Amino acid sequence: MSRIGKLAIKLGDKTKVNVANQQVNFEGPKGKLSVKLPAKVKVEVKDGQVTVQREDDSREARSLHGLTRTILANAAKGVSTGFERRLDIRGVGFRAEVKGKAIHFSLGYSHPVVFNLPEGVTAEVDKASRTEDSLPTVGLTLRSADKEALGATAVNIRSLRPPEPYKGKGIKYSEERIRRKEGKTGTT
């Protein structure tokens, strides 16, 4: 039995679950999510808990058991509390501004970069501050009930200007550590 797959998913007070035709629908204060179940997995809802069972002990069913439970747990947490991802934009003149469902970036290119947010993902820009190496840093917070969409959005935003190893300029995750290079040294 899968150690992760056999764990029950505890639901929040305001979270509702509906299982119908290999589809699990979650509804909570942060929104609605729908998860399609694989063929060899069954879901049962009892006493405010969701349990995942597999039909047989085939290799495919065993591999899907823990995965399905984790996806359902993420959906349950997403509709009740939501997920958050922080990005840091570092560099002189690097800015971000949220306008409706789009983020307008100034990233040192000759043109502004406009990034359209997917459905269900919201963004908020924090104040600029200075770091220890005197590069201005702007914080960008992404929030969503869907963990997969949030992660994909964060990756796409980071790819607009990945951090470079010499000065550390670019867009990085807040918890990410950039390995710095020394650069050229003048010897005479």
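Hi everyone, thanks for having me. Please keep in mind that we are looking at a predicted model.

Let's begin with the overall layout. The protein is divided into two parts: domain 1 covers residues 9–81, and domain 2 covers 83–173. Taken over C-alpha atoms, the centres of domain 1 and domain 2 are 32 Å apart. How many residues of domain 1 are in contact with domain 2? There are 7 of them, and they meet 4 residues of domain 2.

Now let's look inside. The largest nonpolar core is made of 21 residues. Which residues have the most contacts inside this core? They are I89, I103, F105, L140, L142 and I157. Several elements each supply at least two residues of this core: strand 7 (83–90), strand 9 (102–106), strand 10 (113–116), strand 11 (121–130), strand 12 (136–144), helix 2 (147–158) and strand 13 (170–173).

Leaving aside residues up to four places away in sequence, I157 touches L87, I103, F105, F115, L140, L142 and I171. There is also another core, lying apart from the largest one. That other core has 17 residues, and L11, V24, L33 and A73 are among them.

Next stop, the largest pocket. Its volume is about 230 Å³. In general, rolling a probe the size of a water molecule over the atoms shows where empty space is left. Which residues line the largest pocket? The lining consists of L33, S34, V35, I71, N74, A75, A145, D146, K147 and E148. Sorted by class, that lining has 5 nonpolar, 2 polar and 3 charged residues. Strand 4 (31–36), helix 1 (59–80) and helix 2 each give at least two residues to the lining. Both domains take part too, as the lining draws at least three residues from each of domain 1 and domain 2.

Let me now show you a few single residues. Start at I4, in the segment before strand 1 (9–10).

You'll find D47 in the loop between strand 5 (41–46) and strand 6 (49–54). D47 is exposed, with a relative accessible area of 79%. In sequence D47 and L11 are 36 residues apart, while in space they are 9.3 Å apart, C-alpha to C-alpha.

Last, a look at backbone angles. Most residues other than glycine have a negative phi. Now find the loop between strand 2 (16–20) and strand 3 (23–28), where N21 sits. N21 is not a glycine, but it has a positive phi of about 50°. Q22 lies in the loop between strand 2 and strand 3 as well. Q22 is not a glycine either, and its phi is positive, at about 55°.

Note on methods:
Residues numbered from 1 in each chain as written. Predicted model: local features only at pLDDT ≥ 70, side-chain atom pairs only at ≥ 80, totals over all residues. Heavy atoms only, no water. Core = buried A, V, L, I, M, F, W, Y, C linked by side-chain atoms within 4.5 Å. Buried < 20%, exposed > 50% of the residue type's maximum accessible area, 1.4 Å probe, protein only. Helix = DSSP H or I, 4+ residues; strand = E, 2+ residues; numbered from the N terminus. Contact = heavy atoms within 4.5 Å. 1 Å grid on protein atoms, 1.4 Å probe; cavity = no way out; pocket = protein on both sides within 12 Å on 5 of 7 lines; lining within 4 Å. Points joined across faces, edges and corners; volume = space filled by probe spheres on them. Nonpolar A, V, L, I, M, F, W, Y, C, P; charged D, E, K, R; others polar. Domains from an automatic or database assignment.
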